[in-house]
Amino acid sequence: MTRCVRCLVSGKVQGVWYRGSTQQQAHRLGVTGYAKNLADGRVEVVACGEEGAIRALSEWLWQGPAGARVIEVACSPISGVDYQAFTTQ
């Protein structure tokens, strides 16, 4: 069963290749959706996929790439979305 979540990631997550490395993880896990920078310094991640894949990506968001310093990851379920791939915006 496919599940979708919207996660807001706070901390030092812009300018450290966070979106690109999230996209790599999503591709590896078979997750679709997107990652984009927000004006307030956070990164928004929308991810859709199997429960285990979403859980794995959500856990990875706490780590991020080497230069990131994640302070908070707040995820909530969403519905009514359908993505064919995982993109960065």
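**Exercise 1. Determine how helix H1 and helix H2 are placed relative to each other, and which residues form the contact between them.**

Solution. Begin with the axes: those of helix H1 (residues 18-29) and helix H2 (residues 51-61) come within 10 Å and cross at roughly 155°. Here the axes are lines fitted to C-alpha atoms, for helices over the stretch in contact, and the angles run from 0 to 180 degrees between N-to-C directions. That crossing angle makes H1 roughly antiparallel to H2, on a scale where angles under 35 degrees count as roughly parallel, over 145 as roughly antiparallel, 65 to 115 as roughly perpendicular and the rest as oblique. The elements themselves are DSSP runs numbered from the N terminus, with helices (H or I) of at least four residues and strands (E) of at least two.

Then list the contact (heavy atoms within 4.5 Å): H1 contributes Tyr18, Ser21, Thr22, Gln25, Ala26 and Leu29, and H2 contributes Ala53, Ala56, Leu57, Trp60 and Leu61. Sorted by class, these are eight nonpolar, three polar and no charged residues, where Ala, Val, Leu, Ile, Met, Phe, Trp, Tyr, Cys and Pro count as nonpolar, Asp, Glu, Lys and Arg as charged, and the others, Gly among them, as polar.

The model is a predicted one, in which local features need pLDDT of at least 70 and side-chain atom pairs count only at pLDDT 80 or more, while totals for chains, interfaces and linings use all residues. Residues are numbered from 1 along each chain as its sequence is written, and side-chain values use heavy atoms, with hydrogens and water left out.

**Exercise 2. Identify the buried residues of H2, and state what they pack against.**

Solution. Buried means under 20% relative accessible area, exposed means over 50%, and partly exposed lies in between (1.4 Å probe, protein chains only). The residues of H2 that are buried are Ala53, Ile54, Leu57, Ser58, Trp60 and Leu61. Viewed down the axis of H2, these buried residues fall within an arc of 160°, so they line one face of the helix; the arc is that of the directions from the helix axis to the C-beta atoms. Their packing partners are strand E1 (2-12), H1, strand E3 (43-50) and strand E4 (69-78).

**Exercise 3. Decide whether cysteine 4 and proline 77 are buried or exposed, and find their contacts.**

Solution. Cysteine 4 is found in strand E1 and is buried, with a relative accessible area of 9%. Leaving aside neighbours within four places in sequence, cysteine 4 is in contact with Ala47, Cys48, Ser76, Pro77, Ile78 and Val81. Proline 77, in strand E4, counts as exposed at 64% relative accessibility. With neighbours within four places again left aside, proline 77 is in contact with Cys4 and Val5.

**Exercise 4. Describe the surroundings of proline 65, and the backbone of tryptophan 17.**

Solution. Proline 65 is placed in the loop between H2 and E4 and is buried, its relative accessible area being 14%. Apart from neighbours within four places in sequence, proline 65 is in contact with Val16, Trp17, Tyr18, Ser21 and Trp60. Tryptophan 17 is found in the loop between E1 and H1, and its phi is near 65°, a positive value in a residue other than glycine. Most residues other than glycine have a negative phi.
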